[in-house]
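Some labels in a structure description rest on cut-offs.

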Amino acid sequence: MLKNKKKYLNFALLFEIMKTKLIKTIGVLTSGGDAPGMNAAIRAVVRTGLSFGLEVYGVYRGYNGLIENDMIKMESKSVGNIIQRGGTILKTARSKEFMTKEGRQSAYENLKARGIEGLVIIGGDGSFKGANIFSSEFNIPCIGIPGTIDKDMAGTDFTIGFDTAINTAVSAIDKIRDTADAHNRLFIVEVMGRDAGYIALYSGIATGAENILIPENKTNISRLIQDLSNKEKRQKAVNLIVVAEGDEYGGANNVAETLRASMLTTEIKVCILGHIQRGGSPSCLDRIIASRMGFHAVECLIFGFSNLMVGIVNNEMCFTPFEKAVKETQTISRDWFKLIKRLTR
Ligand code: ATP
């Protein structure tokens, strides 16, 4: 990690560097799944770039916009009144063409024609894999900002969108719990997370779920049934289990079907929260981390860095090479499961 590598560079030195004009024009794009807070990051990149005298292009629809030359020169007002909006004003996409050498060649030619010398990519690990390959093939400096609701990346404590997504999930699950409690029903609530269980973990703990099933942990369904039956005998009100969509047992419907066959007295319902977890106005935390990351991403390009993901670890800026950021994921320690077990007795 290149933690705090830039600290010795002060603003006076920055302006000296700017006089030699290492980089004049940059582009910014959003790629992969959308996440609330991406607009705040775009705003930070555009305004920081302009304030240092750079030209800044917004690229539409992720890597597709590079390939199809769908870009627009951004001004300060282009990013006015967007910090509070979910989604992304630049749109996002998954680009099959960018996976090919021909696609990336077209992207490079379009960038060259406009004089764009560096890119800020706001997206997940797939987007950074693409940026890493592109940068090494065509020598275009790329800096990544982690924008994904899953919080599944190493090198940062938070990814843009995660905080908003868990708060959306918590507020929905609280409502479900009210009705579950009124009818004495057990709800199996499915939240997003194909490969990572952080949304389930945080929202499950925050709503007092009896159990939380996530891809990182083997699901022992017979132990779960035993645990629920014991609680049933003790007449403990059991209203809620939170399941990540990528749980090895196959999501909420499969879990509910198995439980229904074993628990005769309890009525079991399923609720799949789905895409509401991606939308909505970003939380304060997501706006703040997006603003900090956007600012530092542009600084990285100005200082001549490339192929780094900007992150925040222990509230300090942290810079991780793409190779490391895409290979490693944040692990979930066993302590979390001890906590859940103790709190749901
Ligand atoms: P999310 O976490 O929301 O899924 P992501 O950035 O991981 O976001 P992906 O669909 O994995 O989303 O990747 C986004 C885009 O990055 C892909 O559609 C593709 O254009 C590009 N990309 C991913 N992997 C590669 C690769 N190996 N080579 C070139 N481009 C890639």
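**Labels and the values behind them**

In this predicted model, helix 7 (residues 198-206) packs against helix 12 (residues 335-343) at an angle of about 25°, and their axes are 11 Å apart.

Q: Why are helix 7 and helix 12 called roughly parallel to each other?
A: The angle between them is about 25°. Angles under 35 degrees count as roughly parallel. Helix 7 and helix 12 are therefore roughly parallel.

Q: Which hand does the crossing of helix 7 and helix 12 have?
A: The crossing is left-handed.

Q: Which residues of helix 7 and helix 12 meet?
A: Helix 7 brings Leu 201, Tyr 202 and Ile 205. Helix 12 brings Trp 336, Leu 339 and Ile 340.

Q: Why does Asn 69 count as partly exposed?
A: Its relative accessibility is 34%. Buried means under 20% and exposed means over 50%, with partly exposed in between. Asn 69 therefore counts as partly exposed.

Q: Where does Asn 69 lie, and what is its phi?
A: Asn 69 lies in the loop between helix 3 (63-67) and strand 3 (71-73). Its phi is positive, about 60°, although Asn 69 is not a glycine.

Q: Why is Asn 314 called exposed?
A: Asn 314 has a relative accessible area of 61%. The cut-off for exposed is over 50%, so Asn 314 is exposed. Its place is the loop between strand 10 (308-313) and strand 11. Phi of Asn 314 is near 50°, a positive value in a residue other than glycine.

Q: What makes Glu 316 partly exposed?
A: The relative accessible area of Glu 316 is 31%. Partly exposed lies between under 20% for buried and over 50% for exposed, so Glu 316 is partly exposed. Glu 316 is found in strand 11 (residues 316-321).

Q: How many Å separate the C-alpha atoms of Glu 316 and Ala 182?
A: The separation is 45 Å. Along the chain, Glu 316 and Ala 182 are 134 residues apart.

Q: Which domains does the domain assignment give?
A: Domain 1 is 5-161 + 282-327, and domain 2 is 162-278. Their centres, taken over C-alpha atoms, are separated by 36 Å.

Q: How many residues of domain 1 and domain 2 are in contact?
A: 16 residues of domain 1 are in contact with twelve residues of domain 2.

Technical notes: Residues are numbered from 1 along each chain as its sequence is written. This is a predicted model: local features need pLDDT of at least 70, side-chain atom pairs count only at pLDDT 80 or more; totals for chains, interfaces and linings use all residues. Side-chain values use heavy atoms; hydrogens and water are left out. Axes are lines fitted to C-alpha atoms, for helices over the stretch in contact, and angles run from 0 to 180 degrees between N-to-C directions. Helices (H or I, at least four residues) and strands (E, at least two) are DSSP runs, numbered from the N terminus. Angles under 35 degrees count as roughly parallel, over 145 as roughly antiparallel, 65 to 115 as roughly perpendicular and the rest as oblique. A crossing is left-handed if the near helix is turned anticlockwise from the far one by less than a right angle, and right-handed if clockwise. Contact means heavy atoms within 4.5 Å. Buried means under 20% relative accessible area, exposed over 50%, partly exposed in between (1.4 Å probe, protein chains only). Domain bounds come from an automatic or database domain assignment.
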